[in-house]
Amino acid sequence: MQRGESIVSPALAGALRRALDAGELTVHFQPQYELASGRLVGVEALSRWMHPDGRLLSPHWYLPSAERFGLIRELDAALLAEAGARVAGWRRDGDDVTLSINISPSELSPAFAADLVARSRDAGLGPGALTVEITEVPVIPYAPHQVAALDHLLAHDIGVAIDDFGIGNTSLELLRRVPLSEVKIDRSLVQSGDPAAGDLAIACVEVARARGAQVVAEGIESRPQWDRAREWGCDRAQGYLLSPPLPADAVEKLVRRERLRERGTP
Ligand code: C2E
Ligand code: CA
Ligand code: CA
């Protein structure tokens, strides 16, 4: 589900086609931190369009057109190749960070899952390094072939995260049934002071625990939100308080600094 205004147009899809060919699509990474230790433990790759006019365009603008006009698969494949190579390099250097990517639920099929396993390997990502995030809203109910695709990913040590839990027609029932290894609690729950939002988050953590899945709290923008995510029992946190999505070189500096900190080098 996309938030805010977005345009779907063939003209935009045409421009995006040219942008893909011209290498204007790139990736930013948003760090994820372990709530218990404060360590940087992972990054989520987020697509960005560096427009020749100097603007950095958000995926809200172009993903709906990419989906509608058949470019999403190519866009996601290019992103995995770029992000995967980068994170595989960090991991080879001893930085134990994981990579999460977003995929479009409309793409989910056994053939897609098999292809993703191969592309993850091609990118140099070892077992357990990659997690695939899927928005839950459009995929209710999961069809058997989609469930088979998720099973295939998990069987090949690729994580499956249900993204944006808490918006739309959220269901704990879905979390009980669908193959998964992670749930991401949407920022609308994280940022809400409503006790009902807290109750839903706690129930989500409970279901995730029962399934052996980890929980990421998204959209952490303040210290009280970080504290609440810890109280709920979440494992990881992501949000502007910790870091916005950043270009690869900037995140690499954070990753390296983390390693030096862990080794006790000032
Ligand atoms: P998402 O997967 O839920 O990603 C999180 C979005 O929240 C990102 O927006 C991120 O910049 C933003 N965000 C992070 N921390 C905070 C915070 O503390 N406060 C607030 N208000 N926002 C925060 P972004 O990068 O604009 O991405 C929007 C959506 O586009 C993503 O939502 C994801 O569903 C989709 N997307 C992004 N990259 C890709 C991609 O490569 N492939 C596909 N299929 N979808 C993508
Ligand atoms: Ca996501
Ligand atoms: Ca999300």
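Modeller: Aspartate 164 counts as buried because its relative accessibility is 9%. Buried means under 20% relative accessible area, exposed over 50% and partly exposed in between, with a 1.4 Å probe and protein chains only. The structure is a predicted model, in which local features need pLDDT of at least 70, side-chain atom pairs count only at pLDDT 80 or more, and totals for chains, interfaces and linings use all residues. Residues are numbered from 1 along each chain as its sequence is written, chains are lettered from A and ligands numbered from 1 in the order in which they are written, and side-chain values use heavy atoms, leaving out hydrogens and water.

Aspartate 164 belongs to strand β6. Strands (E, at least two residues) and helices (H or I, at least four) are DSSP runs numbered from the N terminus. Its backbone has a positive phi of about 60°, although the residue is not a glycine. Most residues other than glycine have a negative phi.

Aspartate 164 is also one of the residues that hold the calcium ion (ligand 3). That ion is coordinated by Asp163 (OD), Asp164 (OD), Glu218 (OE) and Glu218 (OE), at 2.2 to 2.7 Å. Donors are N, O and S atoms within 2.8 Å of the metal, or 3.2 Å for Na, K and Ca; water is not among the atoms, so sites may look incomplete. Along the chain, the donors of ligand 3 follow the spacing D-D-x53-E. Distant parts of the chain are linked here: aspartate 163 sits in strand β6, while glutamate 218, 55 residues apart from it, sits in the loop between β8 (214-217) and α9 (223-232). Glutamate 218 counts as buried because its relative accessibility is 11%.

With 5% relative accessibility, aspartate 163 counts as buried.

Now the other ion. Ligand 2 is coordinated by Glu44 (OE), Asn102 (OD1), Glu133 (OE) and Asp163 (OD), at 2.1 to 2.3 Å. The spacing of these donors along the chain is E-x57-N-x30-E-x29-D. Among them, glutamate 133 in strand β5 (residues 130-135) and aspartate 163 in strand β6 (residues 159-165) are 30 residues apart, and this pair links distant parts of the chain. Both glutamate 133 and aspartate 163 are buried.

Phenylalanine 165 lies in strand β6 and is buried, with a relative accessible area of 0%. Its C-alpha atom is separated by 9.7 Å from that of glutamate 218, 53 residues apart along the chain. Aspartate 157 is found in the loop between α5 (144-155) and β6. Its phi is near 60°, again positive in a residue other than glycine, and with a relative accessible area of 46% it is partly exposed.

Of the 266 residues, 50% count as buried.
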